[in-house]
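Please consult the sequence and structure shown below.

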Amino acid sequence: MDSPQRFGMVIRLRDEHREEYLRLHSAVWPGVERAMLDVGIRNFTIFLHGDLLFGYYEFHGDDHDAAQASIAADPETQRWWTLTDPCQESLAEPGSGHWWAPMQEVWHLEPPTTA
């Protein structure tokens, strides 16, 4: 089996929406989770540091762009984003097409393989 692709990203959490964002993420809608799982997203984690949100996930699949398009086309995910997007301030390069700013991976610890 091929190793998954790893993705990291960052966005600013608007202070006036902090409690709402945290409340929403204390119980993410099952349909939103299912849309990600169905396309091969695994180990999706969001970390909070001050007013910055750092996201990490692993993609198990062949076409990340198609997976992202499938998630974006999901009606329940679209409704979820109408609630979460106002809580966030994008740090992505204008015109990049990204909402969360992609982060560059600089190091990864891989467990040793056993023979």
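Arg-12 forms a salt bridge with Glu-89, with 4.0 Å between the closest N and O atoms; a salt bridge here is a side-chain nitrogen of Lys or Arg within 4 Å of a carboxyl oxygen of Asp or Glu. The pair links distant parts of the chain, Arg-12 in strand β1 and Glu-89 in strand β4, 77 residues apart. Strands (E, at least two residues) are DSSP runs numbered from the N terminus. Side chains of opposite charge can pair when their charged atoms come close.

Arg-12 also meets Asp-51 in a salt bridge (3.0 Å, N to O). Asp-51 lies in the loop between β2 (41-49) and β3 (52-59) and Arg-12 in strand β1, so this pair ties together parts that are 39 residues apart in sequence. Arg-12 is partly exposed at 26% relative accessible area, as is Asp-51 at 33% and Glu-89 at 33%; partly exposed lies between buried (under 20%) and exposed (over 50%), computed with a 1.4 Å probe and protein chains only.

## Basis of the model

The model is predicted: local features need pLDDT of at least 70, side-chain atom pairs count only at pLDDT 80 or more, and totals for chains, interfaces and linings use all residues. Residues are numbered from 1 along each chain as its sequence is written, and side-chain values use heavy atoms, leaving out hydrogens and water.

## The Arg-6 and Glu-105 pair

The structure holds five salt bridges. One of them joins the side chains of Arg-6 and Glu-105 (2.7 Å, N to O). Because Arg-6 lies in strand β1 (residues 5-13) and Glu-105 in the segment after β5, the pair ties together parts that are 99 residues apart in sequence. Arg-6 is partly exposed at 25% relative accessibility, and Glu-105 is partly exposed at 41%.

## Surface and interior

Val-106 is found in the segment after β5 (101-103) and counts as exposed at 74% relative accessibility. Together with Trp-107 and Leu-109, Val-106 forms a nonpolar patch on the surface, with about 440 Å² of accessible area. Such patches comprise residues with over 30% relative accessible area and no salt bridge, nonpolar side chains (Val, Leu, Ile, Met, Phe, Trp, Tyr) being joined within 5 Å and like charges within 9 Å. Accessible areas come from the Shrake-Rupley method with a 1.4 Å probe.

Gln-88, in strand β4 (residues 88-89), is buried, with a relative accessible area of 3%. Leaving aside neighbours within four places in sequence, Gln-88 is in contact (heavy atoms within 4.5 Å) with Ile-11, Arg-12, Arg-14, Tyr-21, Trp-99 and Trp-100.

How values were computed
Helices (H or I, at least four residues) and strands (E, at least two) are DSSP runs, numbered from the N terminus.
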